[in-house]
Amino acid sequence: MNCPRCLTPLKPIRHELGGVAVEAMRCRKCTGHFLETADLRQVEQVVDVRLIDWRHLPGEETQARILFCPRCEGQKAMDKVVSDRDKRVVMDLCGSCQGVWLDYGELEAIQRKGILAALADILDFIRKA
Ligand SMILES: [Zn+2]
Ligand SMILES: [Zn+2]
């Protein structure tokens, strides 16, 4: 699996998110992460929604670029999910395998328990799809 942003091979990594062990694929270069929606759901269930801190999000231009799902071998363009709460937050979701790409800063925000409001947006999006 290669990074959808910079094509660097992704490496598996284990994260503690709200006390839940989550397996993710990490890009060493841009430090983006590819996660399973199921894992995000688990995290959502155990962590309270807090204030969002998006200081380290990539710029608008970077976020607007279409990414191709690393799991679906570059064939599947990922959907953009914009948070209702903060329009600067754009996450990439694969409608095929339901993987989620989190850019640098986005996973960091989860670890501070702030991104969960945005994850709720992702999950709503999946339910409607
Ligand atoms: Zn990368
Ligand atoms: Zn996919």
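What share of the 129 residues in the protein do buried residues make up? In this predicted model, buried residues account for 30% of the 129 residues. The protein has a secondary structure of four helices and six strands, and from the N terminus on these elements follow the order β-β-β-α-α-β-β-β-α-α.

**Contacts along the chain**
- When contacts between residues at least 6 apart in sequence are considered, 63% of them join residues that are at least 24 apart.

**The largest nonpolar core**
- The largest nonpolar core of the protein contains 15 residues, and those with the most contacts inside this core are Leu35, Met78, Met91, Leu93, Val100 and Trp101.
- At least two residues of this core come from each of the strands β2, β3 (33–36), β5 (90–93) and β6 (99–102).
- As a general background to such a grouping, nonpolar side chains in soluble globular proteins tend to be buried together.

**Met78 and its partners**
- Met78, which is among the core residues with the most contacts inside the core, is in contact with Leu67, Phe68, Cys69, Asp92, Leu93, Cys94 and Trp101 once its neighbours within four places in sequence are left aside.
- Two of these partners, Leu93 and Trp101, are also listed with Met78 among the residues with the most contacts inside the core.

**Val22 in strand β2**
- Val22 lies in strand β2, which spans residues 20–26, and Val22 counts as buried because 20 other C-beta atoms lie within 10 Å, where the cut-off for a buried residue is 20 or more.
- Val22 and Leu35 are separated by 13 residues in sequence, and the C-alpha to C-alpha distance between Val22 and Leu35 is 8.2 Å.

Technical notes: Residues numbered from 1 in each chain as written. Chains lettered and ligands numbered in written order. Predicted model: local features only at pLDDT ≥ 70, side-chain atom pairs only at ≥ 80, totals over all residues. Buried ≥ 20, exposed ≤ 12 C-beta atoms within 10 Å, placed from the backbone. Contact = placed C-beta atoms within 7 Å. Core = buried A, V, L, I, M, F, W, Y, C linked by C-beta atoms within 7 Å.
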